[in-house]
Amino acid sequence: MLSRNLILVYEGEFTQEITKSVLAMAERNMDSMGEESSIKRKVFNVMVECLQNIVKHSDDFNPLSAKRNAAIFIIGKEDDRYVVTSGNPVDTDAANSLKIRIDEINGLDKEGLKKMYKDIIKTNHLSNKGGAGLGFVDMARKSGQKLEYDFEDMGEGFHFFSITTTILRF
Amino acid sequence: MEIINLEGTEDTPKILLDKGNGIFEISGRSLPEDSAEFYQPILDWINAYGEDPNPETSFVFKLEYFNTASSKLILDVLSALEEIDNVTINWYFHEDDEDMEEAGEEFSELVEIPFEFNTY
């Protein structure tokens, strides 16, 4: 039977300072387990993109409703893999465009992802939030796995968007 | 020309740009909150250097990790260097870091500058 361990669960406010703390804790944990540096780098990579996505979009929601700002970040380890999940509320428009974008990424193979990455980096300008539009593509490339996602209806036009990336250890 | 010498932190790279000694290096981790703001002085420095560059420029990238927002800015740095004559990029990657090797190869395909690849 596979054993499953949570390395870290964080829920609440997301800032760059908190991102750095979460990264440092997860890194120490992987170090203490003697994880291989190549796997550690991939996990680190995926964690950064997830966390910075949340930081960049954490002010998109109605500030009057604290509940809607609640984002979550989870990293877990099973025998053969690391699983990184992040979740945050999005409105219906964002949910629809996220779905299209992730489905498009999941439909591509290694070469297709590489081409998409190069096309975006050549042509896109940074968004006003400082995003390069490359985060999901990069997560798919570094993990070599499909991105799993879910939208849970929160009512009042909001959905809780969660995305899970798996990094195989072998 | 002024020297840029920034110590690396847990989310920003070490940067040394020293025309007099011919040392140009970006190393470590790059995942600043605002990558455009962080890299702007570097881009300004390179553009000023391009007005009166050394006869040859060997620019070292020795990155352990960079986020996707930084990758866009690294391409901007490379594009600024592309405007200067006789620039070579020395792209270092850890010997078991295929992703960093591949990232260097992709950058080399996006700009017209010779890349040399080295492991550390």
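This is a predicted model: local features need pLDDT of at least 70, side-chain atom pairs count only at pLDDT 80 or more; totals for chains, interfaces and linings use all residues.

Student: Why is α3(A) called roughly parallel to α5(A)?

Tutor: Helix α3 (residues 92-106) of chain A packs against helix α5 (residues 135-143) of chain A at about 30°, with axes 10 Å apart. Angles under 35 degrees count as roughly parallel and over 145 as roughly antiparallel, so α3(A) is roughly parallel to α5(A).

Student: What makes the contact of α3(A) with α5(A), by class?

Tutor: Contact means heavy atoms within 4.5 Å. A:Leu98, A:Arg101, A:Ile102 and A:Ile105 of α3(A) meet A:Phe136, A:Val137 and A:Ala140 of α5(A). By class, that contact has six nonpolar, no polar and one charged residues; Asp, Glu, Lys and Arg count as charged.

Student: Why are α2(A) and α5(A) called roughly antiparallel?

Tutor: Helix α2 (residues 37-57) of chain A crosses α5(A) at roughly 160°, and their axes come within 10 Å. With that angle on the antiparallel side of the cut-off, α2(A) and α5(A) are therefore roughly antiparallel to each other. The α2(A) contact with α5(A) has four nonpolar, three polar and four charged residues.

Student: How many residues does each chain put into the contact, and what area is buried?

Tutor: Chain B gives 26 residues and chain A gives 30. About 2,400 Å² is buried between chain B and chain A, with carbon and sulfur atoms giving 49%; buried area is the accessible area (1.4 Å probe) that two parts lose on being put together, summed over both. In chain B, B:Tyr65, B:Thr68 and B:Lys72 lose the most area to chain A, together 25% of what that side buries.

Student: What does the UniProt annotation cover?

Tutor: The unreviewed entry puts "domain: SiaC family regulatory phosphoprotein" on residues 7-119 of chain B.

Notes: Residues are numbered from 1 along each chain as its sequence is written. Chains are lettered from A and ligands numbered from 1 in the order in which they are written. Side-chain values use heavy atoms; hydrogens and water are left out. UniProt positions are given in the numbering used here, feature names are shortened, and annotations may be inferred rather than shown by experiment. Axes are lines fitted to C-alpha atoms, for helices over the stretch in contact, and angles run from 0 to 180 degrees between N-to-C directions. Helices (H or I, at least four residues) and strands (E, at least two) are DSSP runs, numbered from the N terminus. Angles under 35 degrees count as roughly parallel, over 145 as roughly antiparallel, 65 to 115 as roughly perpendicular and the rest as oblique.
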